[in-house]
Amino acid sequence: MIEPAPETVLVVDDEELMRRLLALQLEQAGYHCITASGGAQARELLTETSCSLMLCDLHMPGETGLDLLADVLAHHRDLAAIVVSGVDDTRTADAAASLGVSGYMVKPFGEKQLLINVANALRERALRIENRTYRERLEVLVDERTAALNEALHHLGRMAEELNDSREETIRRLSIAGEYRDEDTGNHVERVSWLSNVLARGLHLPSDRCDLLRLASPLHDIGKVGIPDAILRKAGALDVQERAVMETHAEIGYRILYGSESPVLDLAATVAWTHHERFDGTGYPRGLSGSDILIEGRIVAVADVFDALTHDRVYRRRFSRDRAVEMILAGSGAHFDPAVVRVFLDSIDELSAIVEGVAPSTRTRVLIVEEDERLREHIESALRADDCEIVGTAATAAHAFPLIHTRRPDVAVIDLDGSTAAGVELTRRLALEPTGPRILIYTSLEEPGSLPSGLELVAGVAFKRGSASELSTAVREVAAAKGDSSSSRRPASGG
């Protein structure tokens with residue numbers, strides 16, 4: 001086995017006897033020593049020889065030891081230094097420390113004190129080099145993975161342009177990227193999406209904002225792609241340095257997602273940046289507090305922690321639902337926004353169903369196809385008031401068809417009074433798809449035989465002269481029939 005070469009120490013002192021004594025003691029301890037009588041010779045030796053440590057006298061002819069140290073340490077960043085002085089002066093010691101000097105020894109001193117100071121300085125140097133190398137490797141890793149993700153995002157953006165309204169599928173798949181590296185979380189991001197949606201609705205956020213959060217929240221931990229596996233999958237507790245690295249995932253996620261023209265990715269960037277902030281200002285990465293934290297970030301903070309507490313992690317077993325609720329409640333006003341916690345408590349049965357893997361919502365999912373914008377808004381308002389979930393609206397059949405496959409509605413409400421031919425064709429295509437939605441025709445054509453032929457497989461018909469409640473009833477009846485395998489698709493009047 002090849003022994004490592006001894007570390008080289010440069011001794012700088014204008015007194016020859018002191019130089020010889022220090023060199024002798026260090027060489028007897030196993031170090032390789034070179035000596036210099038002043039600054040010029042020391043600089044020359046440092047350019048010729050790789051030194052780990054410099055012992056430097058403070059009082060020398062020509063220039064002071066502090067001047068020499070300031071110059072040398074600025075140009076040799078891996079060089080450790082110890083000051084040797086005949087004067088015990090606090091201000092001089094502080095000045096030396098500010099330059100990065102590792103030790104300050106006052107003459108006379110013993111051999112044991114010398115060797116202890118040298119060993120400590122070299123150990124500090126090794127740690128400094130190791131930490132810098134680790135940070136540099138981490139930065140390269142983050143840059144590489146960020147570039148790969150940006151390339152993936154760019155590619156997915158082109159796909160979204162081609163497929164029009166495939167944004168929900170795109171975001172879901174992107175969020176899975178984090179799960180592939182953090183396997184213990186399972187379907188964590190999907191559950192956080194639905195938990196966040198329930199909390200947002202409970203806070204009475206506008207419906208479009210709730211939908212946007214549902215799509216954006218799965219990306220809250222996307223920054224973990226920049227965290228080394230040794231930290232991300234560590235079974236035990238993280239130490240201080242590892243915790244600091246782990247906490248950078250919030251900033252990394254923001255850097256990955258920031259600057260997109262997509263409202264979903266723009267919100268996802270902010271959520272990634274803020275979901276570890278705490279209501280009392282003790283969170284990270286920016287120490288925001290109260291309303292300075294975007295409400296979506298405050299919502300995801302509760303959703304993320306509740307799901308994490310109720311599922312096994314590599315470093316601990318899951319908590320019971322009741323214990324998790326107690327922990328969320330205990331964090332109200334400190335970790336969590338009290339307003340979000342109140343909604344959390346009010347919605348605990350629905351939230352518990354989500355973390356236990358039960359379907360997150362029993363609301364009817366509806367797609368509206370209506371050419372007239374005002375009438376489209378009227379239908380949407382009426383159905384939302386009846387607690388239907390509007391998963392999309394479309395003005396034309398061409399716009400509607402892609403939504404069927406990305407949004408998976410239970411019922412499609414289709415107007416046949418506008419571009420009737422296109423509406424009929426869309427209805428026929430959807431009615432023949434075994435996994436497609438059930439079709440509710442919305443029309444003013446009430447005379448027998450007035451509807452176009454070929455619509456025998458639609459699930460129901462609602463008339464425009466009817467009230468909003470009659471339309472809602474028709475939608476519910478059609479949706480209920482979807483779960484009955486014995487029910488064939490056939491016209492049924494509504495309204």
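A crossing of two helices is right-handed if the near helix is turned clockwise from the far one by less than a right angle. The legends below use this term for a predicted model.

**Figure 1. Overview of the predicted protein.** The protein contains 20 helices and eleven strands. Of its 495 residues, 46% count as buried. Among contacts between residues at least 6 apart in sequence, 67% join residues at least 24 apart.

**Figure 2. Helix H7 against helix H13.** Two packed helices are described by the angle between their axes and the distance between the axes. Helix H7 spans residues 188–202 and helix H13 spans residues 295–309; their axes come within 9 Å and cross at roughly 130 degrees. H7 and H13 are therefore oblique to each other, an angle of over 145 degrees being needed to count as roughly antiparallel. The crossing of H7 past H13 is right-handed. From H7, the contact is made by His188, Arg191, Val192, Leu195, Ser196, Leu199 and Ala200. Their partners in H13 are Ile299, Val300, Val302, Ala303, Asp304, Phe306, Asp307 and Ala308. By type, the residues of this contact divide into ten nonpolar, two polar and three charged.

Figure 3. Leaving out residues up to four places away in sequence, Asp304 touches His188, Val192, His220, Asp221, His275 and His276. Two of these, His188 and Val192, also belong to the H7 side of the contact with H13. His188 and Asp304 are 116 residues apart in sequence, and their C-alpha atoms are 8.2 Å apart in space.

**Figure 4. Helix H7 against helix H8.** The axes of H7 and H8 are 8 Å apart, and the two helices pack at an angle of about 160 degrees. H7 and H8 are therefore roughly antiparallel to each other. Here too H7 makes a right-handed crossing, this time past H8. Ser193, Trp194, Ser196, Asn197, Ala200 and Arg201 of H7 meet Cys210, Leu213 and Arg214 of H8. The residues in this contact divide into four nonpolar, three polar and two charged. Ser196 and Ala200 of H7 are also listed in the contact with H13.

**Figure 5. Helix H8 and its buried residues.** Helix H8 covers residues 207–216; seven of its ten residues are buried, so H8 is largely enclosed by the rest of the structure. The buried set consists of Cys210, Asp211, Leu212, Leu213, Arg214, Leu215 and Ala216. Among them, Cys210, Leu213 and Arg214 meet H7.

**Figure 6. Ser193 in helix H7.** Ser193 is buried, with a relative accessible area of 5%. Apart from neighbours within four places in sequence, Ser193 is in contact with Arg214, Ser217 and Pro218. Arg214 is one of the buried residues of H8.

Notes
Residues are numbered from 1 along each chain as its sequence is written. This is a predicted model: local features need pLDDT of at least 70, side-chain atom pairs count only at pLDDT 80 or more; totals for chains, interfaces and linings use all residues. Side-chain values use heavy atoms; hydrogens and water are left out. Axes are lines fitted to C-alpha atoms, for helices over the stretch in contact, and angles run from 0 to 180 degrees between N-to-C directions. Helices (H or I, at least four residues) and strands (E, at least two) are DSSP runs, numbered from the N terminus. Angles under 35 degrees count as roughly parallel, over 145 as roughly antiparallel, 65 to 115 as roughly perpendicular and the rest as oblique. Contact means heavy atoms within 4.5 Å. Ala, Val, Leu, Ile, Met, Phe, Trp, Tyr, Cys and Pro count as nonpolar, Asp, Glu, Lys and Arg as charged, and the others, Gly among them, as polar. Buried means under 20% relative accessible area, exposed over 50%, partly exposed in between (1.4 Å probe, protein chains only).
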